[in-house]
Amino acid sequence: MPEPPLASRRASGRPPTNGSGGPSGSTPTHRVNRLSALVEGLRPRQWVKNLFLFAGLVFTGNVGNSRALLTAWDGFALFCVLSSALYLFNDVWDRQEDRRHPVKRRRPVASGRLTTGFALLASLALTVAGLVGAWGMGRGFFYAAAAFVALTLAYTVALKRVVILDLLLIAANFVLRAAAGALAIHVKISPWLLILTTLIALFLGLGKRRNELIVLDENPGRHRRSLDDYTLPFVDQMLSVVTAATLVSYALYAFNSETATRRHGMMLTSPFVLYGLFRYLYLIHVKGKGGSPETSLLEDPPSLINFALWTLTVLAVFRFGR
């Protein structure tokens with residue numbers, strides 16, 4: 001009896017077969033495709049968010065401490081593992097909503113290139129590995145990492161549907177990253193670290209919400225329920241408030257913080273922050289970007305140059321400044 005067409009086999013839930021009659025999952029090509037889909041699901045481009053772990057080096061004046069820098073890199077790697085695990089879980093949980101999104105429907109789980117079972121297994125394995133590694137870096141770092149996992153899971157499952165609270169939880173996860181970085185190198189968590197991390201995270205989160213409202217103009221609530229409670233004027237007003245607060249807070253840090261009193265050159269970094277915020281506002285308002293903040297910034301040469309100059313200036317201030 002001849003094999004039914006491929007489309008009918010998929011519709012009936014039967015796995016496609018290779019030329020020998022066995023499941024196509026046993027072929028090398030399928031294994032390579034699944035590995036490629038898994039790597040894509042890990043979202044390595046979003047690891048840039050974990051650079052917030054290095055904020056503690058800056059805000060506590062430990063930029064030139066090579067041992068602390070290496071420890072911060074270890075923490076960064078562990079948070080990349082945990083972040084990827086949580087991205088996989090998020091893609092499984094949101095797969096139905098993602099399929100209605102013009103961009104997210106191409107994600108590996110939503111598109112069917114990665115099965116939910118395999119994604120969940122990989123997510124669990126990476127979570128366990130990341131938390132075990134975090135325990136090895138000390139209790140404080142482990143508690144911050146565990147809180148990061150718990151808060152992200154709560155956000156994914158339920159809390160991202162609550163207006164305004166969803167933005168605050170995004171900011172809280174960035175604060176946990178920054179706090180974990182400080183705990184990893186055993187330094188006091190600076191109030192400036194917490195304030196500025198919160199404001200920058202809100203700034204990026206609001207830019208993402210604004211892009212979602214524009215892209216999903218007809219019915220944004222089909223993708224995320226809380227989007228029905230946001231409007232462009234409301235988001236723009238919050239963006240204005242957060243932008244002003246970020247500029248003022250960074251200026252106070254650069255001119256009047258404990259670090260600034262020991263390194264007066266920190267005031268020289270303020271123009272780069274000013275340009276960076278204005279450049280990102282330009283990207284989301286004029287260029288229509290912001291749906292993926294890390295992609296928007298990584299693909300924008302002026303933003304990359306500005307960040308490089310800010311980094312070099314900070315290094316120079318701590319190396320040669322007084």
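View 1. The expected span of a helix is 1.5 Å times one less than its number of residues. In this predicted model, helix α11 (residues 232-256) has 25 residues and extends 35 Å between its first and last C-alpha, close to the 36 Å expected. Buried positions along α11 include Val 235, Met 238, Leu 239, Val 242, Tyr 250 and Tyr 253, and the buried residues of this helix pack against α3 (55-59), α9 (165-184), α10 (191-215), α12 (258-262), α13 (270-285) and α15 (301-320).

**View 2. The largest nonpolar core.** Of its 48 residues, Phe 59, Phe 203, Leu 206, Tyr 230, Tyr 250 and Tyr 253 touch the most other members. Two or more residues each are given to this core by α3, α4 (66-93), α9, α10, α11, α13 and α15, with the largest share, eight residues, coming from α10.

**View 3. Surroundings of Tyr 253.** Leaving aside residues up to four places away in sequence, Tyr 253 touches Val 58, Phe 59, Trp 192, Leu 196, Thr 259, Ala 260 and Met 266.

View 4. Tyr 253 counts as buried because its relative accessibility is 1%, below the 20% limit, whereas Trp 192, at 23%, is partly exposed. Tyr 230 and Phe 234 form a stacked pair, 6.0 Å centre to centre with 20° between the planes; Tyr 230 is buried at 4%, while Phe 234 is partly exposed at 29%.

Methods: Residues numbered from 1 in each chain as written. Predicted model: local features only at pLDDT ≥ 70, side-chain atom pairs only at ≥ 80, totals over all residues. Heavy atoms only, no water. Helix = DSSP H or I, 4+ residues; strand = E, 2+ residues; numbered from the N terminus. Buried < 20%, exposed > 50% of the residue type's maximum accessible area, 1.4 Å probe, protein only. Contact = heavy atoms within 4.5 Å. Core = buried A, V, L, I, M, F, W, Y, C linked by side-chain atoms within 4.5 Å. Phe/Tyr/Trp six-rings, centres within 6.5 Å; stacked < 30°, edge-to-face > 60°.
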